[in-house]
Amino acid sequence: MTFENHFLNHIGEAPILIIVDEFEHAYYLQYKNKRADYVNAWWNLVNWDYAEQKLSKLI
């Protein structure tokens, strides 16, 4: 999904578990116009344990 105000803790009834900021300010200094490289690197930075804890509280 795409959200403009992703600083919220939830959007409607959908809690946010993880999020990637794809606006240029998030990656341009390091990745220039290589957004795909930024997103590929982002997967390695996700705190999967924290996301799993948040998910387990919802189930």
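**Figure 1. Tryptophan 48 lies in helix H3, which covers residues 48-58.** Helices are DSSP runs (H or I) of at least four residues, strands are DSSP runs (E) of at least two, and both are numbered from the N terminus. The model is predicted: local features need pLDDT of at least 70 and side-chain atom pairs count only at pLDDT 80 or more, while totals for chains, interfaces and linings use all residues. Residues are numbered from 1 along each chain as its sequence is written, and side-chain values use heavy atoms, leaving out hydrogens and water. Tryptophan 48 is partly exposed because its relative accessible area is 43% (buried means under 20%, exposed over 50%, partly exposed in between, with a 1.4 Å probe and protein chains only).

**Figure 2. Ile18, Trp43 and Trp48 form a nonpolar patch on the surface.** Together these residues have about 310 Å² of accessible area, computed by the Shrake-Rupley method with a 1.4 Å probe, with only the protein chains shown counting as cover for residues. Patch residues have over 30% relative accessible area and no salt bridge; nonpolar side chains (Val, Leu, Ile, Met, Phe, Trp, Tyr) are joined within 5 Å, and like charges within 9 Å. A salt bridge is a side-chain nitrogen of Lys or Arg within 4 Å of a carboxyl oxygen of Asp or Glu.

**Figure 3. Valine 39 belongs to helix H2, residues 35-42.** Valine 39 counts as buried because its relative accessible area is 19%. Its C-alpha atom is separated by 9.1 Å from that of tyrosine 27, 12 residues apart along the chain.

**Figure 4. The chain contains three helices and two strands.** Along the sequence, their pattern is β-β-α-α-α. Of the 59 residues, 14% count as buried.
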